[in-house]
Structure formats: structure tokens, C-alpha cells
Amino acid sequence: MSAADIPDSLFRAMLEQNTVGIVVTDRDGLIVYVNPRQLEASGYALEELLGQNPRIMGAGDAPPEVYQDLWSTILSGRVWHGELNNRRRNGEVHRELVRISPIRNPAGDITHFFAIKEEDLLGNAARLLGGATAILDPLTGLPNRAMLLERISLRLIGDGNVTPNFALFSIDLDRFRVINESFGHFAADEVLVRVAARLRETIRQSDMVARTGANEFLLLLDSENSDTQLEELAQRLLSAIGTPVELQGRTARLTASMGIARAPLDARSADDLIKHADNAMAMAKTAGGGCFRFYAPPAKDQAIAWNDLTAALRDVVKRDELLLHYQPKVDLRTGKMQGLEALVRWQHPEHGLIAPSRFIPVAEETGLIVDLNEWVIRAALRQMRLWMDAGLPRITVSLNLSLRHFGYGDLPGFIATCIEETGVDPTLLELEISEGAVMRDPSRAFIIVDRIKSLGVKLSLDDFGTGLSSLSYLSRMNVDKLKIDQSFVHDITTNPVNASIVAAMIAMAHKLGKRVIAVGVETEGQARQLRRHDCDEIQGYFFSRPVAAEEIAPMLAAGRLLSLKTEAAEPDQKTLLLVDDEPNILNALKRLLRRDGYRILSAGSGEEALELLATNSVQVIVSDQRMPAMSGVELLSRARELYPHTVRIILSGYSDISTLSDAINRGAVWKYISKPWDDETLKDEIRHAFSLRN
Ligand code: C2E
Ligand code: MG
């Protein structure tokens, strides 16, 4: 039987029922036929494939030469065979053995291409067993950069009629090196696997997240999103990444820097889109990390890009553009200025004053930090000598040591030389090393710490609480002081959890014989709360911002003091705090209680009330329940934790009764008085409340 005798229906059945996958394209390479076996293998419906380039089923990871070879072979009329990675519709990648032959018409012209595809069972098994080819990242199982590029290119083409509208996130884990070096590579890999899983869980099935570098990910959103939706997603991703991970019995908290670029708004090619997302990520990184930034096209007067920053930083020391600002530290018991922290500033001729959080990471990344730190050490010691010669009171000056410098060269030797040259009393010099720097290489850190200490210099552990140090390291380490990080201090008056963490840190430090200083103290409430917990010193805008050396001299000369009333000096008066977001109600309450002999404080919100509680000794609180940001129950629950001795009354409508009964049961609320209240009942209850505290 010749082909001419075979009925069309048989030909059709041979294609349709064939056990290998078959794809036929026209001469331009657009799909005209796919058999059921191939549809099943790819997971696509026929309609989705017809008219498409077969690359839609490809993993897109083959080098361009492979496709060049493929096309030149088949266009010249020969058969091409090889192996290609294909990507199922659900994202799975599998390896296929492919054979493509040209089909000619009776005149001998190539009209179609006929591809036979069979799954490479052996290759796929090997891949599953770990002998991975480079399609997926073998560690996390995520697609790699090439796959993502391919997907972006496809998205950019769109369906030809509508301009595609989508976003790309560049995600970079912050300070990942520290994790790597303090926990080892196995643990770091484990972290990456978990982060990958969290990213996948946070996005939609149709989005693609790829691992594109050691600690870098790119995330392509499939659907169109408004900027607000992108912001929300960025927040969700940040908090997913930030969920603490347990590593070898210790808790590590990760942060990431994220950049977002939108197509077609920010870029129309895959390369540009990635570049812009990376750029925006670098902006987030220079802002200190743990945040996201949208790509913004460079304007003339805009902040310098990472690259320019590196270039400009190269000879910053030579160009004499650095200067030091000094921020006082004050003793909470005596109120006296106890020390100064030297903080470096970069006075750029065009960009003005640049904050260290922007250029220290760049300097650390590039190794320029060593020159920079040496400049700082010299400059600070010279300044100390000047103050000494001017006859000003002796004061300790602390310097920050970067991670990089800590492990580099002969730091103790350099410091000793500078001390000798300037003739400064070494006990007036203090070095701040961050907890992370120590944990990077504890045994080496111990040796350097001991050598520095042998010079007579003091040492403090900076950013305490943010690193990963364990109690055993802490007790063995020869540091004099712990600096509690700002992140614990900023909400110490409103967040009972942080307040108790800080109290515990202080108590523990004292048990180990170390002094404690809290950084970032901005309000009187925070200062008083810290004093109540027995903190030794504070540093922050509340007393002074970092200022130029010229401003320090008069402060020192005048012996400027921190003015915090001592608890004992407070008016021995019954103090009542009223809280309501409606000014009319507050006024009515004040009028009602005016003649009862209380000192009355009033607050329009929960936050305001907590700040007042931190700065005053209050015995009785009367709060409204329904307030916008923080409800009355929430406020009183926090007040119960922070100030257990207060008697707490809530004013509320009947509808809130179920929320209230729970709060009453937990002891957060002593009494509930319904609104509108009866004047005499309210006065009686408040009198009763005060009697409980006498
Ligand atoms: P740090 O050692 O934790 O320094 C404290 C930072 O908190 C300073 O930021 C200071 O200006 C800021 N700060 C102080 N009080 C308050 C406050 O009440 N509220 C707020 N919001 N911030 C406050 P700055 O000067 O931008 O320095 C940032 C970091 O840069 C420093 O953090 C330190 O790690 C690093 N750094 C600064 N100078 C040097 C240096 O000379 N060498 C090295 N290696 N690092 C430095
Ligand atoms: Mg510091």
C-alpha cells in the first residue's frame, strides 16, 4: 500500500493517536498543529498554542547558539535533533528529545516544519536525583535568570494589540553575608530555601519568582497592578521575609531591599526593566535596607546612583570631603554629658551632606571602608587633643568600627600609633563594634577585642538586640557597655513587648557587670521609661542631634544638663488622665471634675495618652472605647502591662459590651461606665478608684 492509498482518516489517526508529541509549524515557525499527546505533555489547550511560536512551551534556557543552529539546519532543509528543556503550563520543567524535519510541497519548497518530541526519561530522572541542568536553581527549585528573561520578553510582546502592563521586583536580602559567615553555608542555604518558599507563597500561581544571584531574586507579576497594589504586595513580601527563622537554636530576622520597575512606564525591554528594578533596589539598600523603592528616572539634582557613589568615594579622603559630627550621651542619673559619639559625614561638593547610612554600605562593599575608618580615627583623636588643649572638661569619645575594618590589617596597632601621636588618654577613647560584626567571626573578634582592651581603650557593643549573639558570647566578651538599638527604643512607651525586652536587656547587662546606653531617644517619655528601667545612659535627639565640633565646645564648657524631673520631685498629687478623641467630651469631663482636686491630664488618642503616662505618674485613667487608631481597650491593655499600678476605667456605649467583658476579665479594665454617663456615678467611681491607690 502506497501513501496514496492510505485514507486521510488514517493519517489523521496516526497523528492524533501517536504516542510521541507532535508539533507542526508553518514556515515562519508559527504553530499550526499540536497532537493530543503533546497537549497533554505541555498542559496547554490547543487554542492557546495555535499561531504561537513553539518557544511558548520552551524553558528558554538554551543558549542563543542552539536556536541559531536549529534554524539554520532546518531552513537549509536538513533534520535537526537535540535536547531542549520545556516548560509545562504549570511551570514544571522537563527535558525533551526533539527532532524537527522540514516538510516540502511538490515543488520542493519548504512549507512546514514537523517536530517530534519525546520526554527524556533518563535526563529527567537524573535531574530529579540532583544531577541538575541549569534550568532551575538547584537549591531553591526556582527558575533561573534565563527563564525569567524569556518570560519577560514574552510578556513584553503581549498579544500585539494591547500594550502590556506589568511590574518586576528586584529583591536582595540585606546583610546576607553576616548570616553566611556567622551560621555557615549550610544554614545560609537553608535560609535561602525558606525565603524562596515564602516568596512563592506570597505571590500568585501565575507570577514568576526566579533566583538570580546568591541572595537575589527577581519577581515578575503576571497581572496588571496599580501602584497601591504594588506597594501592598511589597509590604507583604517584606513581612514574609521578615518572619523570624530559627537557625541552630538561635533566631535570625532577615530584611530585604526591594526595587520595583513597571513596564511599559519605566522600560520597554527586558534588560532595561531588570536594570531599573535593580537600580531601585540599590536605592532601598542605601536607604538602610528593609524597605522598597519604585524606580524613578534620574533627574539632574537627584541622589547619586550607586555607581557614581562608588567612584566619588574612591578619593573622598584625598579630596578632604569628610567631617565628623558629634552626638552627646547623657547619664540618666546625674543628667551630665558623659560621652560623645563621632559620626562621619560626607560633604559632597554637588550633593551636599550625605548621611553615613548611604555611603558606609558602599564603602564596606568596595573595601574603601578601611581608608575611611582610618581617617575617622585620626580626625577624632586630633579633635580630642584640641578640646583638651582648650581646657574643656574631659569627655569620652566613641568611634564606630565597621565590619570590614574589624577583620582587616592591624587595627589595634593603628589605634595605638594614633593615640601615641596625639597624646590622648586612651581611657577616653571608646570603640563601638556592632553585634553583627562580632558574630561574623566570634573567635577572631575575641582576640581583637582583647588586644584593643589592652591599649586601655573602652569597648561597647553597638546595635545590641539586632544581631544574633547568644548569652554565652556576651558573658565571655570583654566589652564595657551595651548600646540598645533604636528599633527597641522608638516604641518603648507604646509597645509593652519592646518595653519588657528592653527592661530584660538592661537587667541582664547589669548582671554581667556592663553599662547600658539606649540610642535614638527622641521624647521625654522614652527617657523616663528608660530611667525607670534603670538604664544608665541615653543618646538621641531628645537631648541633642549630632552636631559639629564647634557646637560641642560651648555645651561642654557650660556643662549642659539633661533636665528630667525625678519621680520624687513630682507633685504629690492625685493625677487623672482623661482620653477621648472628641474634644467636646474631654471638655465636658474636665468641667465636671474640675473642682474635685485632681491634677487632670488629657489626651486625644491612645498614643498621646501613652506618652503622657511615660512622662507623668498617673493613678487613674478614664478612656473612651471608640477611638480611631487605638481603641480604649487596646490602650488600657497596654497601660496595664506598662503601668500595672494604674486604675483603669472605660467609658463606652452598650454595643461594645462583649469586647469589654473580655478586657475586664483579663484585668485590663477595672470598671466600665456607660456613655452617656451619669455625672454623680462617674465622680463616685473616680473617687473610689483613687482610694484604691492611697
Ligand atoms: P549608629 O552607630 O547606630 O549611630 C546612631 C545613629 O542614630 C546616627 O545616625 C545618629 O544620627 C542617629 N540618631 C541618634 N539619635 C537619634 C534619634 O533620636 N532619632 C533618630 N531617628 N536617629 C538618631 P547616622 O549619623 O546617620 O549614622 C548611621 C550609622 O552609620 C551609625 O549608626 C554607624 O553604624 C554608621 N557610622 C556613622 N559614622 C561612622 C564611622 O565613622 N565609621 C563607620 N564605620 N560607621 C559609621
Ligand atoms: Mg554607633
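User: What is a polar contact, and which atom of Gln486 shows the idea at ligand 1?

Analyst: A polar contact is a pair of N or O atoms within 3.5 Å. The model here is a predicted one. In it, a polar side-chain atom of Gln486 lies 2.8 Å from an oxygen atom of ligand 1, so the pair falls within the 3.5 Å cut-off.

User: Which other residues have an N or O atom 3.1 Å from ligand 1?

Analyst: Glu341 uses its side chain: one of its N or O atoms is 3.1 Å from an oxygen atom of ligand 1. Val344 uses its backbone, where an N or O atom lies 3.1 Å from a nitrogen atom of ligand 1.

User: How much of ligand 1 does the protein bury?

Analyst: Begin with the ligand by itself. Taken alone, ligand 1 exposes 790 Å², and the protein buries 83% of that.

User: How many residues surround ligand 1, and which are the closest?

Analyst: The number is 21, and the closest are Arg345, Asp462, Gln486, Glu522 and Tyr541. By residue class, the shell around ligand 1 has 8 nonpolar, 7 polar and 6 charged residues.

User: Now a strand. Which way do the residues of S19 point?

Analyst: For a strand, sort the residues by the direction in which they point. In S19 (residues 481-484), Lys481 and Lys483 point one way, while Leu482 and Ile484 point the other way. Both pairs are buried.

User: How many bridges join S19 to S18, and how many join S19 to S20?

Analyst: S18 and S19 run parallel and are joined by 3 bridges. One example is Ser460, whose bridge partner in S19 is Lys481. On to S20 (residues 515-519): 4 bridges join S19 to this strand, and the two run parallel. Here Ile484 stands opposite Ala518 in S20.

User: How many residues apart in sequence are Glu119 and Ala504, and what is the separation in space?

Analyst: Keep the two separations apart. Glu119 and Ala504 are 385 residues apart in sequence. In space they are 61 Å apart, taken from C-alpha to C-alpha.

How values were computed
Residues are numbered from 1 along each chain as its sequence is written. Chains are lettered from A and ligands numbered from 1 in the order in which they are written. This is a predicted model: local features need pLDDT of at least 70, side-chain atom pairs count only at pLDDT 80 or more; totals for chains, interfaces and linings use all residues. Side-chain values use heavy atoms; hydrogens and water are left out. A residue is near a molecule or strand if one of its heavy atoms lies within 4 Å of it. A polar contact is a pair of N or O atoms within 3.5 Å; within protein, one must be able to donate a hydrogen and the other to accept it, and residues adjacent in sequence count only if both atoms are side-chain atoms. Accessible areas come from the Shrake-Rupley method with a 1.4 Å probe; for residues, only the protein chains shown count as cover. Ala, Val, Leu, Ile, Met, Phe, Trp, Tyr, Cys and Pro count as nonpolar, Asp, Glu, Lys and Arg as charged, and the others, Gly among them, as polar. Buried means under 20% relative accessible area, exposed over 50%, partly exposed in between (1.4 Å probe, protein chains only). Two strands pair if DSSP finds at least two bridges between them.
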